[in-house]
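Let's take a quick tour of this model, strand by strand and then out to the helices and loops. Keep the viewer open while you read.

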Amino acid sequence: SGDNAPIANGSEKFPVVVFGHGFLIGSGSYKWLADSLARNGFIVAFPNTEGSVSPNHDAFGKDLSIVCSKIIELNDDASSLFFGRLLRKAAVGGHSMGGGASFLAAASDNPDIYALFNFSAAETSPSAIDAAASVNVPSLVLSGSRDCIVPADTQLKMFNNIPATNCKVYVNVTDALHCQFADNNFTCSAGQLLTGCNSSPLNPAQVFEKTISLLLPFLNYHLKDNCTQGELFLDKYNSITATSKIIQCPPPAPCGPLPVEMLFFTGEYDGIQNVLKWKIGEAIHFKRFELQKSDDAQNFTTIYSITTNNMNVAGREYLSIDAFPFSGSNFYRLKLVDADDSFTYSEVINVRSALRKLIVTRIYPNPIKNVFRLDLTSQSNVEAHIQILEFSGKEIFSKLYTILQRNSSVTIDASSFKPGVLMLLLKSETGEILGSYKLLKL
């Protein structure tokens, strides 16, 4: 722990946490949080912008978001101390004003942000309560039952507006004050005293302990894909003393013994598609992998299968491409099938792609012969342009379609297309490319 402390020796990669301060509260008031996270394997950043008496909340939310991405970019910078040491996942959080700004950041459609947490989040301008409806990541919202600066009802409104498709947790810590999350910062406590709510049987250290007991397993599970930390989070949630608490999350993946040793299972959105990678250890008499996908972490469909023919495949790395990611969260797991057809599942990972109003969910058959079909999902009725090019760049098909809200299909006659590799482009009515897909014409 510590400001600008060196990264631990070795090759382990760490996720990023970016945290927003409260109104007129310096980042030093959150040293308890920074050191706790750093000691437990997170790169932590505290932007100090918008510290004036007239802060710009919108700018602060954008600061939190862009700092997440700028730090992650340093993973590829050979001159940086972060070179090769960063997981491409970040969480954004904050306290009070910074908590409200963290909602603005998490709603910004930044694919690097994988989780949201905040303490006594305040309403902002633009509205953090409204922005919560666009949050698309697992969220942990904490409040204090004795907070009269930003009453817990404000955080509950934010929590309720987070879409139910996310994993979201709300905990109101019994007897906690607003300023205890900021180590009783002088400016904060002075305002708290004037409002007549500066008394609590808890001290800041007790509030820190309760907060960290929930936050660490929450981040370990959602940023590091550590299966057992999901179970630990549930245990801590169930045992913590709180005046009220709500959890709306799918159960964590079972963490029992696997028929094969998983060394890692990761995924990344490359701007177009999701790239899944995994590596295994000892695996004698192992039969096959099935890569499964879900949009809600509960109902999974197999999208790819790899048969190993019962050979010893220990130490091999595997790569699979999901060319048709959902907009936002994509949950993946591996079904691990042994030679006797017994099976279990790997941990579940979440790979976030860009939020898009229109996406292609399937193209089939591919390779194509005469006729093929596109399945699409749209958030509203839209006009979409489908263009098909030969590998040389020559256009051979172009048509504007009306795509209806939710799920629809488009059938295209390819009988006149020459055999070879083709490129299909999906464009908005303004010409923006929404997706590009490779076809093979037989």
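Valine 382 has isoleucine 403 as its bridge partner in strand 19. Before going on, a note on the source: this is a predicted model, where local features need pLDDT of at least 70, side-chain atom pairs count only at pLDDT 80 or more, and totals for chains, interfaces and linings use all residues. Residues are numbered from 1 along each chain as its sequence is written, and side-chain values use heavy atoms, with hydrogens and water left out.

Strand 18 (residues 382-390) and strand 19 (residues 395-403) run antiparallel, joined by 8 bridges. Helices and strands here are DSSP runs numbered from the N terminus (helices are H or I with at least four residues, strands are E with at least two), and two strands pair if DSSP finds at least two bridges between them. The two strands make a hairpin with 4 residues between them, and glycine 393 in the turn has a positive phi of about 100 degrees.

Strand 18 also runs antiparallel to strand 21 (residues 420-428), with 7 bridges joining them. There, histidine 385 sits opposite lysine 427 of strand 21. Strand 18 is mostly covered, with 7 of its 9 residues buried; buried means under 20% relative accessible area, exposed over 50%, and partly exposed in between (1.4 Å probe, protein chains only).

## Strand 1

Strand 1 (residues 14-20) is mostly covered too: 7 of its 7 residues are buried. It runs parallel to strand 3, to which 6 bridges join it, and glycine 20 stands opposite glycine 94 of strand 3. Strand 1 is also parallel to strand 2 (residues 43-45), this time through 3 bridges, with valine 16 opposite isoleucine 43.

In the order 8-9-12, 3 strands form an open sheet with antiparallel pairing. Strand 8 (262-269) and strand 12 (317-322) are the edge strands, each pairing on one side only. On average, neighbouring strands of this sheet are turned by 15 degrees against each other, direction ignored.

Strand 8 is joined to strand 9 (residues 274-280) by 7 bridges. Look for phenylalanine 264, which stands opposite lysine 279 in strand 9.

## Helix 1 against helix 7

Helix 1 (residues 31-39) packs on helix 7 (residues 204-224) at an angle of about 40 degrees, and their axes are 11 Å apart. Axes are lines fitted to C-alpha atoms, for helices over the stretch in contact, and angles run from 0 to 180 degrees between N-to-C directions. That angle makes helix 1 oblique to helix 7; under 35 degrees counts as roughly parallel, over 145 as roughly antiparallel, 65 to 115 as roughly perpendicular and the rest as oblique.

From helix 1, Trp32, Leu33, Ser36 and Leu37 make the contact (heavy atoms within 4.5 Å), and helix 7 brings Phe208, Thr211, Ile212, Leu215, Leu216 and Leu219.

## Two buried loop residues

Serine 96 is in the loop between strand 3 (86-95) and helix 3 (97-106). Serine 96 has a relative accessible area of 8%, so it counts as buried. Leaving out residues up to four places away in sequence, its contacts include Gly22, Phe119 and His178.

Alanine 354 lies in the loop between strand 15 (349-352) and strand 16 (358-364). Alanine 354 is buried because its relative accessibility is 18%. Alanine 354 and serine 329 are 25 residues apart in sequence and 8.8 Å apart in space, C-alpha to C-alpha.
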